[in-house]
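Please work through each task with the structure open before reading its solution.

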Amino acid sequence: MAGSSVEELRESALAALAAATDLEGIQAARTAWLGRKGPIVDALRSIKDVAPEERRSLGLALNQLRDEIEATLGERERRLEEEAMSLRLAQERLDVTLPGRPRAVGGPHPLRMAEAELVHVLREIGFSVAQGPEVESEHLNFEALNIPADHPAREMQDTFYLSDLPGLLLRTHTSPVQVRAMREHAPNPLRVICPGRVYRRDDDVTHSPVFHQIEGLAVGEGIGMHHLKATLYEFARRLFGADVRLRLRPSYFPFTEPSAELDVGCPFCGGKGCRVCKGTGFIEVLGSGMVHPHVLREGGYDPARCTGFAFGLGIERTAMLHYGIDDVRLLYTSDLRFLSQFQGSEA
Ligand code: PHE
């Protein structure tokens, strides 16, 4: 085979290659032209038939042609792959500059924030935290607290009794923990608080059948009403501010004698009188008193030697005062417009 035939081979190869416009065509052209049964290999095999002095240049020319075909196909292939890639990139474009979808992050409920703050302040004053069960014995909820079965005070706290469990009920206040704590500590002095859920059978616009209280109790020798007043005033000032208006008003509870309620100046009207304080300028925050001797005895203390004071406050009420919430139902209806106002703020 002569040099001119190599040139002819080259021309028909390049023409065939020009027609290969997709990856399949290129692969077919590669097999056809460079394969073991292709014209190049054929030609290389026939080198031995030409004159010895031409063999070298013919071999060289054929090898060059093979390289050229390979390079052309490779180049064409690369270009097609690049085009396919740019097409994919354009079609599957992901706009990472779009703002992300914000993920809602929860936060503590204002009721829990208020509870945490109340507990914090009371711990600072020197109380430690005690626990009691929500399903309580009738005895500890009532009798031990000087509320006998026929006492009209039972009607103050309309009760959920557990019909399958005689003698048990859902505690109507946290006061049974007074007796539990005393029985644990007697005859030693003690200062405890107990935050928790309580249940009463009323359900109207200002009452929920479930609400929250914190009980406080201090028992020891020589504890008097002055300790009660000083403790409650200190507590209220730490919570509401040093210049808060306070009032200790005589009251009645079967388990304390004497009894008093603590009122805080109404933050909604500044004392002028409004709907929330029912025109009085004050809002009641807690009940309190000197622990009744009957209760001290139930707890294992000798009332001749030890005295004590107790208080119980409603967390809902305190949260409302603290955060300026004028409707208790807002604390239960899970309205995010309300709840989100407390996001990020600490109690
Ligand atoms: N247990 C009373 C109530 O629920 C509050 C209270 C507690 C009063 C301790 C005096 C002493 O209303």
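Axes are lines fitted to C-alpha atoms, for helices over the stretch in contact, and angles between N-to-C directions run from 0 to 180 degrees. Helices (H or I, at least four residues) and strands (E, at least two) are DSSP runs, numbered from the N terminus. The model is a predicted one, in which local features need pLDDT of at least 70 and side-chain atom pairs count only at pLDDT 80 or more, while totals for chains, interfaces and linings use all residues. Residues are numbered from 1 along each chain as its sequence is written, and side-chain values use heavy atoms, with hydrogens and water left out.

**Exercise 1. Describe how helix α5 crosses helix α8.**

Start with the axes: those of α5 (residues 110-125) and α8 (residues 225-240) come within 10 Å and cross at roughly 130 degrees. That makes α5 oblique to α8, given that angles under 35 degrees count as roughly parallel, over 145 as roughly antiparallel, 65 to 115 as roughly perpendicular and the rest as oblique.

Next, list the contacts, where contact means heavy atoms within 4.5 Å. From α5, Glu117, Leu118, Val121, Leu122, Glu124 and Ile125 meet Thr231, Glu234, Phe235, Arg238 and Leu239 of α8. The residues of this contact of α5 with α8 divide into six nonpolar, one polar and four charged (Ala, Val, Leu, Ile, Met, Phe, Trp, Tyr, Cys and Pro count as nonpolar, Asp, Glu, Lys and Arg as charged, and the others, Gly among them, as polar).

**Exercise 2. Give the strand order of the open sheet, and say which strands form its edges.**

Two strands pair if DSSP finds at least two bridges between them. The seven strands of the open sheet follow the order β1-β4-β5-β9-β8-β7-β6, with mixed pairing. The edge strands, each pairing on one side only, are β1 (128-129) and β6 (246-253).
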